Amino acid sequence: MRLVKVDETKAKQYATKAVANTLTSNTENAYISHDESGSRVTQNRNSQVLLGDGGQECYYVKWSNTFIDFLKKNNDPRLGLVAVTKLYLKDDVKAQNPDYVSNAAVQKGMPNGKDLSSDPKYKISSDPSFTTFPDYSSPNPKMIKRNGVTFILTYAETELLKAEAAQRWGIGGSAAEHYKNGLKASITYLNQYDSELAVTDASAESLLLLILMMQARGWNRSICSIGHIRLPCWIFMKLGPIGDGQDFQS
């Protein structure tokens with residue numbers, strides 16, 4: 001679909017060839033399952049960073065408050081699955097706290113634009129939300145396992161591409177149906193990280209209905225481009241020189 005920017009005729013030609021030969025469910029998602037035994041070479045690279053192999057990222061990398069607040073506001077069933085507090089209790093201890101807290105009600109994202117700066121404008125400890133670093137939400141440890149998966153292509157992505165093709169050229173069926181399929185798949189595939197992260201079909205349907213209602217009322221910002229939070233886009237607040245934009249970024 002990127003080809004439409006330079007040659008729409010050719011884009012349509014290849015979309016027509018591919019539209020009936022794409023993924024049909026989350027069970028066909030393409031991903032790599034990593035191997036912990038091979039150390040740095042074979043372990044999940046995202047996990048290596050987020051587990052603190054290169055420094056103190058395990059303690060200081062947090063979910064953004066923009067992200068957490070959005071999930072809270074919309075009663076998103078994934079909040080209590082992807083976010084936990086009190087995962088790492090000290091910056092010099094890389095052992096995970098087995099009693100981390102996954103209760104959705106207590107999740108707290110780290111404010112955008114704050115870091116360890118000595119400047120009060122940017123210093124995180126000067127922010128009204130600050131209590132302790134462990135009180136800010138970290139990724140659920142089940143998402144950052146050393147033998148965890150790296151997704152290459154998902155059913156959700158292919159359905160959203162088919163929705164665009166249907167909307168542009170009228171090929172491959174209903175744009176609305178492909179769009180709904182893509183959104184739901186982006187909500188329910190978390191179990192491929194770990195079976196305990198599964199979202200029930202009923203919860204997914206409820207969230208899908210909410211998303212579609214919001215769009216019907218004209219809510220259509222950049223978040224739509226990532227399938228209304230296709231998790232994980234790794235929307236983190238990492239301590240360092242960053243911006244203070246309000247749009248989500250992967």
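This is a predicted model: local features need pLDDT of at least 70, side-chain atom pairs count only at pLDDT 80 or more; totals for chains, interfaces and linings use all residues.
Asn75 sits in the loop that links helix H4 (65-73) to helix H5 (79-82). Helices here are DSSP runs of H or I with at least four residues, strands are E runs of at least two, and numbering goes from the N terminus.

Residues are numbered from 1 along each chain as its sequence is written, and side-chain values use heavy atoms, with hydrogens and water left out.

Most residues other than glycine have a negative phi.

| Residue | Phi | Relative accessibility |
|---|---|---|
| Asn75 | near 50 degrees | 66%, exposed |
| Lys86 | about 60 degrees | 33%, partly exposed |

Lys86 belongs to the loop between strand E3 (83-84) and strand E4 (138-139).

Zooming out, the chain has eight helices and six strands, and 46% of its 250 residues count as buried. Taking contact as heavy atoms within 4.5 Å, residues 24 or more positions apart make up 71% of the chain's contacts with a separation of 6 or more.

What about the lining of the second largest cavity? Its residues split into seven nonpolar, one polar and no charged, with Ala, Val, Leu, Ile, Met, Phe, Trp, Tyr, Cys and Pro taken as nonpolar, Asp, Glu, Lys and Arg as charged, and the others, Gly among them, as polar. Lining residues have an atom within 4 Å of a cavity point, on a 1 Å grid over the protein atoms alone where a 1.4 Å probe fits but cannot get out. Among them are Leu50, Tyr88 and Ser138.

Methods. On a 1 Å grid over the protein atoms alone, a cavity is a set of points where a 1.4 Å probe fits but cannot get out, and a pocket is an open set with protein on both sides within 12 Å along at least five of seven lines; lining residues have an atom within 4 Å of a point. Buried means under 20% relative accessible area, exposed over 50%, partly exposed in between (1.4 Å probe, protein chains only).
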